[in-house]
Amino acid sequence: MLSRVQVPASARRGEVIQVRIAIQHPMETGYRPDHFGRRIPKNVINTLVCRYNGVEVFRAEMGSGIAANPLLQFPVRAQDSGEFVFEWRDDSGERGESRAAITVSAG
Amino acid sequence: MSDRRRFLLTTTALAGGLLCARVAAAQAHPGRAELLREVTGGAAVQTGRVTVDTPPLADNGHSVAVRVLVDSPMSAQDHVRRITLLAERNPRPVVASFTLGPHSGKAEVATRIRLADIQDVLALAQMSDGSWWMGGAHVVVTELACLEG
């Protein structure tokens with residue numbers, strides 16, 4: 001699954017940064033019929049977890065009410081230089097992962 | 001007028017007024033109480049502290065930008081644990097739940113949602129002390145996220 005993560009390359013310790021992720025996914029509601037009138041089964045990214053240096057800082061449990069190609073933006077307090085790891089899973093069992101590094105300077 | 005007659009008149013008027021108010025409240029938001037109970041597990045919900053930022057008029061119900069802000073210091077002792085987004089008139093009213101914590105620094109989350117009708121978008125926030133707070137915004141959608149196609 002294609003995704004784009006936006007994390008500032010650098011921040012000061014204690015600064016609250018905005019983290020953003022966009023994932024290419026149809027987020028099928030389960031209500032939409034295909035060209036033959038058959039219902040396309042529901043398939044949405046149901047869980048996304050963001051870890052910052054191994055600590056879970058954000059979790060999203062999503063349903064079919066989230067728009068296609070989901071976009072999530074949330075704040076995180078910069079503590080130490082390291083890595084943000086995003087992991088997600090959809091209803092069909094497909095998993096995705098994305099990473100972004102950050103350099104944190106003192107005060 | 002006798003005291004008895006006055007008493008009867010005022011009490012019936014009061015009772016009627018109360019009944020009307022209750023019926024009106026129930027009709028304005030049918031099913032809201034049950035939906036809130038489903039999310040909070042029956043805990044009391046207070047109004048305030050939660051701001052839902054949406055465009056008042058959305059062109060396209062397939063993708064409506066929503067930002068939820070909660071008034072909280074986000075410290076280890078006092079922070080927002082969870083934010084649940086609700087769209088009552090969607091076929092599945094629970095849109096998403098977000099877990100935050102003191103690492104967040106600020107109590108805020110932004111995403112894009114589908115809206116199947118003109119409706120109130122509600123956000124419920126559970127604080128670290130277990131209390132629930134609610135805020136909402138009315139969104140008028142010109143092109144609804146229809147169920148088919």
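Two strands pair when DSSP finds at least two bridges between them. Strands themselves are DSSP runs (E, at least two residues), numbered from the N terminus. This is a predicted model: local features need pLDDT of at least 70, side-chain atom pairs count only at pLDDT 80 or more, and totals for chains, interfaces and linings use all residues. Residues are numbered from 1 along each chain as its sequence is written, and chains are lettered from A and ligands numbered from 1 in the order in which they are written.

**Stop 1: the sheet**

Show both chains as a cartoon. Find the open sheet of six strands, in the order β1(A)-β3(A)-β6(A)-β7(B)-β4(B)-β2(B). The pairing is antiparallel. Now select 3-6 of chain A and 50-53 of chain B. Neighbouring strands here are turned by 15° against each other on average, direction ignored (axes are lines fitted to C-alpha atoms).

**Stop 2: where the chains join in the sheet**

Select 71-77 of chain A and 108-113 of chain B. Strands β6 of chain A and β7 of chain B pair antiparallel over two bridges. Which residue is the bridge partner of Q73(A)? Look in β7(B): the partner is A110(B).

**Stop 3: a second pairing**

Select 55-62 of chain A, which is β5. Strand β5 of chain A pairs with β6(B) in the antiparallel sense, over four bridges. Zoom in on M62(A): A96(B) stands opposite, in β6(B).

**Stop 4: the contacts**

In all, 27 residues of chain B are in contact with 25 residues of chain A (C-beta atoms, placed from the backbone, within 7 Å). On the chain B side, β6 (94-99) and β7 are the elements that give two or more residues.

How values were computed
Axes fitted to C-alpha atoms, helices over the stretch in contact; angles between N-to-C directions. Contact = placed C-beta atoms within 7 Å.
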